[in-house]
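Have a look at the structure first, then go through the notes below.

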Protein chains: 2
Amino acid sequence: MTYCCALRLQDGLVFISDTRTNAGVDQISVFRKLYTFGKEGDRFIAIQTAGNLATTQAVIGHLRNQLTLQEQPNLYTVNTMFEVAQLVGRTLRKIIEDVTEDTQEQSNYYCSLIVGGQIGEAEMQLYNIYPQGNFICATKDTPFFQIGESKYGKPILDRALTYEMPLDEAVRCSLISFDSTLRSNVSVGLPLDTLIYRADSLKMPRGKRITHDDEYFQQISKQWSETLRRGLHEIPKPTEDYLE
Amino acid sequence: MTYCCALRLQDGLVFISDTRTNAGVDQISVFRKLYTFGKEGDRFIAIQTAGNLATTQAVIGHLRNQLTLQEQPNLYTVNTMFEVAQLVGRTLRKIIEDVTEDTQEQSNYYCSLIVGGQIGEAEMQLYNIYPQGNFICATKDTPFFQIGESKYGKPILDRALTYEMPLDEAVRCSLISFDSTLRSNVSVGLPLDTLIYRADSLKMPRGKRITHDDEYFQQISKQWSETLRRGLHEIPKPTEDYLE
């Protein structure tokens, strides 16, 4: 499986992806699931992928091929992030249709994508793109999307994340979400790829890969366990009627 | 959906179940998913159910009918908790087989069960029973089972729960697990049914129903949100290389 999470906040975009893929439990590999496109000063686009690895790689391959061959439209000639989402969605849908004529079997080749970025002076946008090629857009009310093994890490985002949260705090919140997922599900694994884009910068962020020996992530993991255990102790004992 | 969680700890057994059932989003009902059987001084048996409501009700109905008609074996005549699990598993498997001849369609009628209890002087046991009628047994290493919407509430159990934990703390830990699930998934809903059985007591616990206006559960929910937000603030800011 996979876990990818992306935030669209007042101050910018945050993307975090794990890198574990598995076909059965005895075929586990590391593959990047966070891709970036863009031109400094013009546009920044990030894509995260979850699902069938051949399909996700085909999507990225086609998008890059369109750029190489200067096919129209491509990621560098469309005018808005909405058109980016449309282009990626159409590409995804076509790839799934091409693999099999049998619509019953298509779900074996499904993947989900998160696409975010900014073009020119328009607002940043974040889209969750479905295997059918349609998509939804993040809002102030719902400033984050998750794809893959999303449930373990959802409670902390539901409780703590807000649109107005500073980026560094949002990164911490997301890393806790990942730590919870990593601990409860072996199909999600380190290293993690992170990327923080600052609103209106139109700069390509360098990003960071968090490996097993990353001291900051180790500290988060350890400290969060202590937070939970201490918080549990601080909750008053249940009244007698609970224990009867 | 459903969320049920059961613990087998040094000091006793803890069972908590939600009560929400839904067929689509516009047909939501309250049904108890925690059932008890037993005779003071002889045996205590609790059963939790998740899955197709007709199937789960049929299982409980058959088990009760066996008692009424004094069919052999029944829950009050089997000698061990292992035999209880076998009896419940066989009953479940037969009900699913009876609904449809088509094995492809059987999964529509699946349900999962947790069965725990104690008979005479033998050790307490806790079983997770699958739709096929087979089952696994809780151990000191893995002292809890979950059925239904288990993922949202798993991280806190993975991190904090231990076999040696006192019952009152284990109840708090489980209620946090439920609170996280309730907040992130509308298919799990209040009221909750809780039951705490003290090891070797062979007493039928009264149990408690936690409703929307339960002050203790409201306090847990509020205090836990504060714990998480405070814990998030206490985590040091990421180093600069995270934000580049």
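In this predicted model, B:Arg8 and B:Glu123 pair their side chains in a salt bridge, with N and O 3.9 Å apart. That pair ties together distant parts of the chain: B:Arg8 sits in strand β1 (residues 3-9) of chain B, while B:Glu123 is in the loop between β7 (111-119) and β8 (125-129) of chain B, 115 residues apart. Over all chains, the structure has 34 salt bridges.

**The network around A:Glu234**
- Shared partners link A:Arg230, A:Glu234, B:Arg230 and B:Glu234 into one salt-bridge network.
- Within chain A, A:Glu234 bridges to A:Arg230, with 3.9 Å between the closest N and O atoms.
- Both A:Glu234 and A:Arg230 belong to helix α5 of chain A and are four residues apart, about one turn of the helix.
- A:Glu234 also reaches across to B:Arg230, where the closest N and O atoms are 3.2 Å apart.
- Relative accessible area is 38% for A:Glu234 and 35% for A:Arg230, so each falls between the 20% and 50% cut-offs and is partly exposed.

**The contact between chains A and B**
- Chain A and chain B each put 54 residues into the contact.
- About 5,300 Å² is buried between the chains, with carbon and sulfur atoms giving 57% of that area.
- On the chain A side, A:Arg159, A:Leu232 and A:Tyr242 lose the most area to chain B, together 18% of what that side buries.
- Ten salt bridges run between the two chains, and 33 residue pairs across the interface are in polar contact.
- Elements giving two or more residues to the chain A side include α3 (154-160), α4 (167-184) and α5 (215-234).
- α5(A) supplies the largest share of that side, 16 residues.
- By type, the chain A side splits into 23 nonpolar, eleven polar and 20 charged residues.

**Helix α4 of chain A**
- With 17 of its 18 residues buried, α4(A) is largely enclosed by the rest of the structure.

Key
Residues are numbered from 1 along each chain as its sequence is written. Chains are lettered from A and ligands numbered from 1 in the order in which they are written. This is a predicted model: local features need pLDDT of at least 70, side-chain atom pairs count only at pLDDT 80 or more; totals for chains, interfaces and linings use all residues. Side-chain values use heavy atoms; hydrogens and water are left out. Contact means heavy atoms within 4.5 Å. Buried area is the accessible area (1.4 Å probe) that two parts lose on being put together, summed over both. A salt bridge is a side-chain nitrogen of Lys or Arg within 4 Å of a carboxyl oxygen of Asp or Glu. A polar contact is a pair of N or O atoms within 3.5 Å; within protein, one must be able to donate a hydrogen and the other to accept it, and residues adjacent in sequence count only if both atoms are side-chain atoms. Ala, Val, Leu, Ile, Met, Phe, Trp, Tyr, Cys and Pro count as nonpolar, Asp, Glu, Lys and Arg as charged, and the others, Gly among them, as polar. Buried means under 20% relative accessible area, exposed over 50%, partly exposed in between (1.4 Å probe, protein chains only).
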